[in-house]
Amino acid sequence: MSIDDTPKMSWWNRLAHPGQFLAWTRPLIWPLAGVTTALYLLGLWFAFFNSPADYQMGDTVRIMYVHVPTAWLSQFVYAAMAVSALGTLVWRHPLADVSMKAAAPLGAAFTAMALFTGSMWGRPTWGTFWEWDGRMTSTLILLFIYLGIVALWRAFDDQLRAARVVAVFTLVGAVNVPIIKFSVDWWSTLHQPASVFRADGPTMPGSLLTPLFVMFFAFTLLFVTLQLLAMHTEIRRRRLVTLERRAARGDTL
Amino acid sequence: MSGFLGVLRRDLRLSFSGGGEVLTLVLFFIIVGAIVPFAIGPDRALLASIAPGIIWIAAFLAMLLGLDRLFRPDRDDGTLALYRMADMSMAGVVAAKVIAHWLTAALPLILASPFLAMILAMDGPTFWRTVLSLLLGTPALAAFGAFGAAITVAIRRGGLLAPILIAPLCVPVLIFGVGAIAPLGGPDQASSAMLFLAALSLMSLALSPFAAALAIDWGEE
């Protein structure tokens with residue numbers, strides 16, 4: 001009796017095959033897009049028609065339903081990128097590269113949206129577009145880090161090499177982000193009295209929480225859908241490059 | 001250890017003998033500091049109050065400017081490939097280079113800072129706190145800078161990219177560096193900022209050679 005030593009494919013290894021990944025996740029995209037749209041319709045209906053205006057801020061409180069989910073995503077996407085970076089460095093999982101590359105512009109876009117809606121909200125309520133407050137400042141620096149990562153991806157010709165270098169930078173950034181957050185908080189409490197933000201803000205009534213939660217899930221699912229789509233695009237782009245190279249070498253396709 | 005000292009000695013000799021790069025950096029530092037009064041006006045009180053920030057920004061820019069010569073010449077002439085094949089670990093090479101970078105790009109700036117302090121109307125105690133905070137903080141800038149240079153060394157035109165990547169990571173160094181000088185929060189805050197600055201420097205000096213070595217190894221293969 002011989003020992004069976006043929007390599008076994010786990011689902012994890014199977015997922016590493018781009019073709020398998022495409023085949024497995026392609027049927028997910030349309031349902032995901034459908035659920036996201038439904039959640040957006042529900043959330044926007046709640047936000048515009050079925051939630052009260054704030055007694056102080058009036059209708060501007062509705063900006064919150066876009067602002068808070070995008071601010072959450074700005075950090076969540078970085079976490080997703082850091083996990084993908086670990087996948088690249090530790091397991092050399094080929095799809096971790098793709099996931100890391102797809103997430104960077106999405107994270108930058110969500111962070112920029114959080115900053116933009118924040119300053120649109122800040123103008124009527126605080127009377128200024130920008131305040132050097134701890135949370136805003138660290139979000140701005142996070143945006144710079146995202147843009148740096150996108151620039152780093154674009155600077156490399158060889159995407160496999162780029163993936164490993166970007167992964168190192170992403171992880172170093174992940175270690176640094178809490179330090180930046182801490183130092184900026186220390187700095188902003190030093191420079192100005194904490195009068196704008198209050199940690200013990202008014203507890204939110206349920207009528208505001210329902211649309212917030214719905215929008216929260218809508219935005220998160222939007223990220224998941226766009227991430228999958230971007231990964232598919234990236235896989236196809238890489239396959240195209242390989243095919244072009246082979247064609248240029250004169251191989252039979 | 002002999003390899004470590006060899007790399008250190010080679011880098012020091014190269015930067016002190018070839019073309020006066022060290023003096024160019026010092027000149028850049030002084031010119032950046034001296035150009036600020038033209039932009040904001042010669043009001044002595046205002047200048048004195050923002051002088052620590054000006055000196056820090058000038059040092060920060062000068063150190064970013066010097067990043068490109070950290071690994072790129074070695075890569076162009078093949079030394080980096082030899083380092084990678086050598087017996088000693090890449091992290092050791094990077095650590096030696098970080099120390100050499102600090103000695104040639106940070107220490108001369110600190111030595112030149114009395115001139116800036118004088119023309120920016122700084123008083124004596126503030127100046128000494130500035131020198132102390134620069135001494136404690138610039139090692140962190142050198143360590144982060146070496147990491148940025150290592151990340152971009154494989155890119156042909158990576159010169160501008162390293163400062164863009166590194167500047168956001170250096171924000172804590174600037175915050176605590178200036179916080180250790182400016183008496184905004186009283187002496188208590190200043191001394192705690194000094195301690196944070198020292199902690200940042202020690203941590204980044206200890207960790208960045210490994211991260212930079214990883215980036216070089218994987219970017220080159």
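The following legends describe several close-up views of a predicted two-chain model.

In this predicted model, local features need pLDDT of at least 70 and side-chain atom pairs count only at pLDDT 80 or more, whereas totals for chains, interfaces and linings use all residues. Residues are numbered from 1 along each chain as its sequence is written, and chains are lettered from A in the order in which they are written.

**View 1. The fold of chain B.** Chain B contains 11 helices and 0 strands; helices (H or I, at least four residues) and strands (E, at least two) are DSSP runs, numbered from the N terminus. Its radius of gyration, taken over C-alpha atoms, is 18 Å, close to the 17 Å that the globule rule gives for 221 residues, so chain B is as compact as a globular protein of that length. The globule rule is 2.2 Å times the number of residues to the power 0.38. The C-alpha trace spans about 55 × 35 × 30 Å along its principal axes. The mean pLDDT of chain B (the predictor's confidence in each residue, from 0 to 100) is 86, and 95% of the residues reach 70 or more.

View 2. An unreviewed UniProt entry assigns the annotation "transmembrane region" to several spans of chain B, including residues 21-40 and 194-216. Such annotations may be inferred rather than shown by experiment; feature names are shortened, and positions are given in the numbering used here. Residues 21-40 are 100% helix, with end C-alpha atoms 30 Å apart. Residues 194-216 are also 100% helix, and their end C-alpha atoms lie 32 Å apart.

**View 3. The surroundings of B:Ala59.** Two residues are in contact if their C-beta atoms, placed from the backbone, lie within 7 Å. Leaving aside neighbours within four places in sequence, B:Ala59 is in contact with B:Phe29, B:Leu109, B:Leu134 and B:Thr138.

**View 4. Where chain A meets chain B.** In this view, 23 residues of chain A are in contact with 23 residues of chain B. Helices α5 (134-155) and α6 (159-191) of chain A each supply at least two residues of the side that touches chain B, and α6(A) gives the most, with 15 residues. That side of chain A divides into 16 nonpolar, 5 polar and 2 charged residues. Here Ala, Val, Leu, Ile, Met, Phe, Trp, Tyr, Cys and Pro count as nonpolar, Asp, Glu, Lys and Arg as charged, and the others, Gly among them, as polar. For the complex, the predictor gives an ipTM of 0.88 and a pTM of 0.88.
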